[in-house]
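Subject: Structure for you to look at

Hello,

Here is the structure I promised to pass on. Please open it and keep it beside this email while you read.

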Amino acid sequence: MNNIKEYTDSIKIDDIPWSRMVTAYDTAENYPEMLKILDEMKNLDEVKKAWNEISSIEHQSTMFTPAPFALVFLVRIYEKALNSANNPVAVWIEDKLGDMFEYYKEICDDIERTEDHPNALENMYDILDSKYLLPEGVSLYAIEDENEFQMLYEKLFTPELFYSLYHYSKAVLADIQNTKESEVYRTTFHLEEYSEDIIQKVISAAMKSSSVPITDTAIELNISEKDVKKILSATSQVWNH
């Protein structure tokens, strides 16, 4: 498929056979519920549990079947979080996803650089072919016989499928919205407007950047908007550059 973005833009959560996809620990059966929790960005404890489950699309640099499809929805959640700076849970999600995406990009680049990798499946949706999915009601990790486990694993994870998971994950991540989050700005913090805890965080950030004290109660520093939002996420303060 030439236009991957056209396909990924059209995907809905219910289009994906999550329960038949192998993750690092089980199946992706609970992914729709976990993605919904992340998308709602409400309860941080629930978000952290959902995050831990969704993270099973990868383990020790190995990507599993749901990876490119879960990333489609995680990118959407990330872009929503970017526009929710007043929500501390959204800031937490944005930070986690930003780090995840960078790590996954590195993994995909490493696989792509190997000289002996096979060709990727022609289309991203080819990953959803029944031959790459678990039979209905089967959990790979519930199989106790080692030989049976290995035979099914090798049947599902062909070299072409394995490479395709990285190839299409990278393609999905290439569509991440460009934002000013990584750019550095010079801004002034008037420290008397913030609590002692926030002041210490600002000073700590200033020590890591090119900063210029202006007065006893203000400091000018180079800092990214992402870092500013992390600093202010514990308060109701909103920073406008």
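Over which residues does pLDDT stay under 50, with 25 contacts beyond four places in sequence in the model? Residues 178-186 are the stretch in question. Keep in mind that this is a predicted model. Where pLDDT is low, the predicted coordinates should not be read in detail.

What about the rest? The average pLDDT of the chain is 82. At least 70 is the score of 72% of the residues. Among the elements, α2 has the highest mean pLDDT, at 98. Strand β4 (residues 211-215) has the lowest, at 44.

**The chain as a whole**

The chain has 241 residues, and 44% of them are buried. It holds 9 helices and 5 strands. Read from the N terminus, the order is α-α-α-β-β-α-α-α-α-β-α-β-β-α. Now take the contacts with a separation of 6 or more: 73% of them join residues 24 or more positions apart. The accessible surface is about 13,200 Å². Carbon and sulfur atoms account for 46% of that surface.

**The core**

The largest nonpolar core has 63 residues. Which of them touch the most other members? They are Trp18, Phe69, Leu71, Leu74, Leu97 and Phe101. Several helices give two or more residues to this core, including α1 (4-10), α2 (31-40), α5 (88-113) and α6 (146-156). Helix α4 gives the most, with 12 residues.

Beyond four places in sequence, Leu71 touches Ile57, Met63, Met100, Phe101, Tyr104, Ser169, Val172 and Leu173.

**Ser169**

Follow that list to Ser169, which lies in helix α7. Is Ser169 buried or exposed? Ser169 is buried, because its relative accessible area is 0%, and the cut-off for buried is under 20%. Beyond four places in sequence, its contacts are Met63, Ala67, Pro68, Leu71, Cys108 and Ser164. Look at Ala67 in that list. Ser169 and Ala67 are 102 residues apart in sequence. In space, their C-alpha atoms are 6.6 Å apart. The side chain of Ser169 also has a polar atom 2.6 Å from the backbone oxygen of Leu165.

**Helix α3**

Next, find α3. Its buried residues include Val47, Ala50, Trp51 and Ile54. The face turned away from the buried side carries Asp45, Lys49 and Asn52, which are exposed. At the start of α3, a side-chain oxygen of Asn43 comes within 2.9 Å of the backbone nitrogen of Asp45.

**Two buried loop residues**

Ser56 sits in the loop between α3 and β1 (58-59). Ser56 is buried, at a relative accessible area of 5%. Beyond four places in sequence, Ser56 contacts Thr23, Ala24, Tyr25, Tyr31 and Phe64.

Thr65 sits in the loop between β2 (62-63) and α4. Its relative accessibility is 1%, so Thr65 counts as buried. Beyond four places in sequence, Thr65 contacts Met21, Val22, Ile127, Tyr132, Leu133, Phe157 and Leu165.

**Two positive phi angles**

Met41 is not a glycine, but its phi is positive, at about 55°. Met41 lies in the loop between α2 and α3. With a relative accessible area of 4%, Met41 is buried.

Ser61 is not a glycine either, and its phi is about 75°. Ser61 lies in the loop between β1 and β2. At 35% relative accessibility, Ser61 counts as partly exposed.

**Where to begin**

Start at Leu71 and step to Ser169, which Leu71 touches. Leave residues 178-186 until last, where pLDDT stays under 50.

Best wishes

How values were computed
Residues numbered from 1 in each chain as written. Predicted model: local features only at pLDDT ≥ 70, side-chain atom pairs only at ≥ 80, totals over all residues. Heavy atoms only, no water. Core = buried A, V, L, I, M, F, W, Y, C linked by side-chain atoms within 4.5 Å. Buried < 20%, exposed > 50% of the residue type's maximum accessible area, 1.4 Å probe, protein only. Helix = DSSP H or I, 4+ residues; strand = E, 2+ residues; numbered from the N terminus. Contact = heavy atoms within 4.5 Å. Areas by Shrake-Rupley, 256 points an atom, 1.4 Å probe, with all protein chains shown as cover. pLDDT = per-residue confidence, 0-100. Polar contact = N/O pair within 3.5 Å; in protein donor to acceptor, adjacent residues only side chain to side chain.
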